[in-house]
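Here is a brief report on side-chain packing.

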Amino acid sequence: GAKERDEPRAAAVLDFLANLAFDADGCTALLRCDGAFDALVEGLESRQPSARYAAALALRNVAFSSEGKTALLNRPRAMPALLGGLGPSDLRLSALSSAALWALLARSEKAKVAFRRGGLPAHRFAVAEKELAHLAMREPECASDPAALRAALRHFDAIARLLGADPGQLRA
């Protein structure tokens, strides 16, 4: 339907928002623009890979700011959407989504508490980490995007350290 026809245009808009969010002033403008943040979250759920990548990149950029951390924590769909991007089915999206989670958890005790308190985020994170580690051990050269796989695993290790766990502890 109409939504399917709009996805390529949505991908272009999300790419623009990702570029806008690279700058602190652009990030602030994005967060203050009615509906822009929600468009990023919806973009993570798009069928179009380029839309998902742009949305995850924009959310990573947004998550570095305190306003962005607050927005990510206060929107009920934001964390589940980011967590949905983790795992071996799309390694590039997993690398971008894990980078966004890392940016969210860095320098934010509130985010760490919310992540630990909610059973789903910690569980989904652990499952995705195990899946990616298994892929890396089993057939790293056969992965669709070995560089993205390595990046995702580095982000997972950084997140584990932020949460006070040994990197790879959840993989055991």
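## A residue in helix 4

Leaving aside residues up to four places away in sequence, Asn61 touches Ala18, Ala21, Phe22 and Cys27. Contact means heavy atoms within 4.5 Å. Asn61 sits in helix 4 (residues 49-63). Helices here are DSSP runs of H or I, at least four residues, numbered from the N terminus. Asn61 has a relative accessible area of 7%, so Asn61 is buried. Buried means under 20% relative accessible area, exposed over 50%, and partly exposed in between (1.4 Å probe, protein chains only).

## Basis of the model

This is a predicted model: local features need pLDDT of at least 70, side-chain atom pairs count only at pLDDT 80 or more, and totals for chains, interfaces and linings use all residues. Residues are numbered from 1 along each chain as its sequence is written, and side-chain values use heavy atoms, with hydrogens and water left out.

## Aromatic pairs

The whole structure holds three aromatic pairs. Rings of Phe, Tyr and Trp (its six-membered ring) pair if their centres lie within 6.5 Å; planes under 30 degrees apart count as stacked, over 60 as edge-to-face and the rest as tilted.

Phe115 and Phe125 have ring centres 5.7 Å apart and planes at 80°, so this pair is edge-to-face. Phe115 belongs to helix 8 (residues 109-117) and Phe125 to helix 9 (residues 119-138), so the pair ties together parts ten residues apart in sequence. Both Phe115 and Phe125 are buried.

Phe125 and Phe156 are both buried.

Conventions:
Helix = DSSP H or I, 4+ residues; strand = E, 2+ residues; numbered from the N terminus.
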